Amino acid sequence: MTEEFRSGFVTLVGRPNAGKSTLINAVVGHKVAITSNTAQTTRHRFRAIVTREDMQMIMVDTPGMHKPHDALGEELNTSAIKAMEDVDVVAFLVDASKPVGTGDEWVARQVREVRGARKILVITKADLVSKETAIQQLEAARVLGTWDDEVVLSSKNGFNVEGFVQAVAKWLPEGPKWFPEDMDTDQPFEVLVAEFIREKILRSYRDEVPHSIGVVADQMTYDRKKDMYRIFANVYVERDSQKGIIIGKGGEAIKKVGIEARRDLEQMLGCKVFLDMQVKVKKNWRRDLNQIRRFGYGEGM
Ligand SMILES: Nc1nc2c(ncn2[C@@H]2O[C@H](COP(=O)(O)OP(=O)(O)OP(=O)(O)O)[C@@H](O)[C@H]2O)c(=O)[nH]1
């Protein structure tokens, strides 16, 4: 008898920086999600898709959940909580290298509310700690809920990433191929481009500035003769002073971001990229729900 095809959805949740996006990239095998060590890197709820001979697993990335401080934070939380509705599996990620604390407890409380989904506890970043510490973390996190499976892994060195895939696959119901085989993310092209740029900014500036930016890729045209994409993007900040910081002395800082973003974009697109970025001020956009959604963050996608 042949095995039936299985398919379904798994939502990854955890406190900011738990390693959700990095795990998604490790499972897919290349970069579909941006990552950084700045909390709340992920603003879009998007799906990444892995198709194998016998199954299709659709992973839903979510913004890291925490007690919200502003409209953006609130919108991101709502988005993450909504992403746990109607999925087959919820994976609760806990960073092995940080003591289990109130941040994890807060997320676990939301996970406990979820009905009808299998729940998997995932200890991430095992490469950063000893085996003993990883086990201690597992024990500390275990009491935060009731789990159908437990996995300890490292997305950085690949340790047990396959174990995670198998743990999820086990709970996927029989079902159709929801997405074409060659599709690995449902993020529109212009969103991916804007996100790749935002990642470089997150990694290049410190403190409050990265949280204040929003990126929109406005125009993208392909020049067949030159085998080159021309991309025009707007980088929005909240204050004039931030605009100065982003641009830097003599435009040096933004130039560096441009070079790094272009490198990633060229790799993704497989051709040359011309990137033009404009920095604009949009006062207090993070407090304006309409603006947040216009940028496509949170629920607005
Ligand atoms: N050493 C190590 N670092 C990791 C691993 N997984 C993630 N990281 C790092 O942890 C940081 C946060 O990872 P992300 O994947 O962006 O975390 P996230 O949970 O998606 O974060 P938010 O978008 O803020 O919710 C990044 O600097 C990653 O490089 C891992 O397995 N090992």
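In this predicted model, helix α8 is followed by G270, a residue with a positive phi near 70 degrees. The helix itself comprises residues 252-269. Its 18 residues should span 26 Å at 1.5 Å a residue, and the end C-alpha atoms of α8 are 25 Å apart, which agrees.

Burial along α8 is as follows. V257, A261 and L265 are the buried residues of the helix. Viewed down the axis of α8, these buried residues fall within an arc of 60 degrees and therefore line one face of the helix. E252, I259 and Q267, on the other side of α8, are exposed. The elements covering the buried residues of α8 include α6 and β9.

Strand β9 belongs to an open sheet of three strands, ordered β7-β8-β9, in which the pairing is mixed. The edges are formed by β7 (214-223) and β9 (272-281); each has a single partner strand, so one side of each is left without a neighbour in the sheet. From one strand to the next the twist averages 15 degrees. Strand β8, residues 228-237, pairs with β9 in the parallel sense, and 10 bridges connect the two. Within this pairing, Y236 has K280 of β9 as its bridge partner.

Two helices lie across strands of the sheet. Helix α6 (residues 189-204) lies across β7, β8 and β9, and runs at about 125 degrees to β7. Helix α8 lies across β8 and β9, with an angle of about 135 degrees to β9.

Conventions
Residues numbered from 1 in each chain as written. Predicted model: local features only at pLDDT ≥ 70, side-chain atom pairs only at ≥ 80, totals over all residues. Pairing = 2+ DSSP bridges. Helix = DSSP H or I, 4+ residues; strand = E, 2+ residues; numbered from the N terminus. Axes fitted to C-alpha atoms, helices over the stretch in contact; angles between N-to-C directions. Contact = placed C-beta atoms within 7 Å. Expected span 1.5 Å × (residues − 1). Buried ≥ 20, exposed ≤ 12 C-beta atoms within 10 Å, placed from the backbone. Arc of directions from axis to C-beta.
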